[in-house]
Amino acid sequence: MSTTPSNKRAARVTTTRLAEMKAAGERIVMVTAYDAPGARAADAAGVDAILVGDSLGMTVLGYDSTLPVTMSDMVRATAAVSRGASRALVVADLPFLSYQVSIDEAVRNAGRLLVEGSAQAVKLEGGVEVADLVNVLVDTGIPVMGHVGLTPQSVNVFGGYKTQGKDTESAVDLVEDCLTLEAAGAFAVVLELVPVELARLISEELTIPTIGIGAGAACDGQVQVFHDLLGIGDFTPRHARRYAEIGEAITAALAEYSSDVRSGAFPAEEQSTHLDAEVAAELDRMVPFTGEGE
């Protein structure tokens with residue numbers, strides 16, 4: 001007789017599962033994470049996919065953009081997230097200049113995120129201009145999520161973090177970008193800071209899922225930054241909603257800890273251990289100069 005363990009691990013969400021969700025009209029939930037505790041929390045909450053975003057440069061490393069993030073940063077963070085997530089699909093960002101110099105270098109770097117980071121897929125920014133690379137990566141066995149609209153690695157080209165596709169010409173270009181990425185083999189496309197009407201049109205035209213961030217509710221799924229959702233940090237972008245004020249809770253807890261240390265209230269008896277009375281007495285005899293008055 002066979003039995004089914006009550007604590008059987010849930011099956012990993014796959015890229016094909018995301019396609020099934022789009023076909024069934026099920027919304028896809030994605031959130032960023034940058035370490036094992038964050039990944040465990042996302043996994044426990046039942047999110048479908050975790051993005052190890054190069055946004056870690058701004059949320060964790062203190063940079064003012066994603067541009068300084070390196071492959072070493074991404075491999076280390078991806079490996080940590082992969083150790084924390086057992087169900088959610090783990091997608092890792094290829095950072096700036098890790099895939100633009102040559103296709104060979106891009107394949108090598110994308111492979112590192114799967115081999116060393118244990119991700120199941122990579123994400124890269126760009127449309128028509130990266131289609132050949134997407135095709136090569138997919139043929140190599142590396143699933144690719146595209147990313148169009150506001151692509152943060154090109155912030156200096158855009159002149160800031162601005163909504164994209166607001167006029168007819170640029171909107172048509174974005175549709176072409178998405179269709180080309182789909183034809184190249186991408187399994188999904190992130191639409192960032194794109195008008196709602198355009199995001200709806202793209203989502204209807206594509207057979208692969210669209211994942212929106214600042215692109216309205218018509219996308220097949222949504223991705224948001226971990227720190228923005230949880231209220232960690234001072235800035236909340238317009239497209240995000242805070243579901244907690246963890247930053248304030250952390251500051252309050254650390255202030256209480258500081259007060260307790262300074263007043264002598266911490267550590268208390270329950271945080272302390274003691275020697276056996278016999279050992280303590282022997283220690284007093286062996287080290288008399290540590291006693292009172294010595």
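Modeller: Start with the barrel. In this predicted model, 8 strands close up in the order β1-β2-β3-β4-β5-β6-β7-β8. The pairing is parallel.

Colleague: What does the twist average from one strand to the next?

Modeller: The average is 25°.

Colleague: How many bridges join β1 to β8?

Modeller: There are 4. β1 covers residues 28-32 and β8 covers residues 221-224. The two run parallel. Val31 has Gln224 of β8 as its bridge partner.

Colleague: And how many bridges join β1 to β2?

Modeller: That pair has 3 bridges, again parallel. β2 is residues 49-52. Look at Thr32: Leu51 in β2 stands opposite.

Colleague: What about β7 and β8, how many bridges there?

Modeller: Strand β7, residues 210-213, is joined to β8 by 2 bridges. They run parallel too. Gly212 is partnered with Gln222 in β8.

Colleague: Remind me, what do strands of a sheet pair through?

Modeller: Backbone hydrogen bonds, in either a parallel or an antiparallel arrangement.

Colleague: Switching to helices. At roughly what angle do α8 and α9 cross?

Modeller: Roughly 30°, with the axes coming within 10 Å. α8 is residues 168-184 and α9 is residues 196-205. Angles under 35 degrees count as roughly parallel, so α8 and α9 are roughly parallel to each other. The crossing is right-handed.

Colleague: Which residues make that contact?

Modeller: From α8, Ala171, Leu174, Val175, Cys178 and Leu179. From α9, Leu198, Leu201, Ile202 and Glu205. By class, that is 8 nonpolar, no polar and 1 charged.

Colleague: Now α2 and α4. How do their axes lie?

Modeller: They come within 7 Å and cross at roughly 40°. That makes α2, residues 36-45, oblique to α4, residues 71-84. This crossing is right-handed.

Colleague: Which residues touch there?

Modeller: α2 brings Ala36, Ala39, Arg40 and Asp43. α4 brings Ala80, Val81 and Gly84.

Colleague: Last thing, confidence. What is the mean pLDDT of the chain?

Modeller: The mean is 94. 95% of the residues reach 70 or more.

Colleague: Where is the pLDDT below 50?

Modeller: Over residues 1-6. Beyond near neighbours in sequence, that stretch has 0 contacts in the model.

Technical notes: Residues are numbered from 1 along each chain as its sequence is written. This is a predicted model: local features need pLDDT of at least 70, side-chain atom pairs count only at pLDDT 80 or more; totals for chains, interfaces and linings use all residues. Side-chain values use heavy atoms; hydrogens and water are left out. pLDDT is the predictor's confidence in each residue, from 0 to 100. Contact means heavy atoms within 4.5 Å. Two strands pair if DSSP finds at least two bridges between them. Axes are lines fitted to C-alpha atoms, for helices over the stretch in contact, and angles run from 0 to 180 degrees between N-to-C directions. Angles under 35 degrees count as roughly parallel, over 145 as roughly antiparallel, 65 to 115 as roughly perpendicular and the rest as oblique. A crossing is left-handed if the near helix is turned anticlockwise from the far one by less than a right angle, and right-handed if clockwise. Ala, Val, Leu, Ile, Met, Phe, Trp, Tyr, Cys and Pro count as nonpolar, Asp, Glu, Lys and Arg as charged, and the others, Gly among them, as polar.
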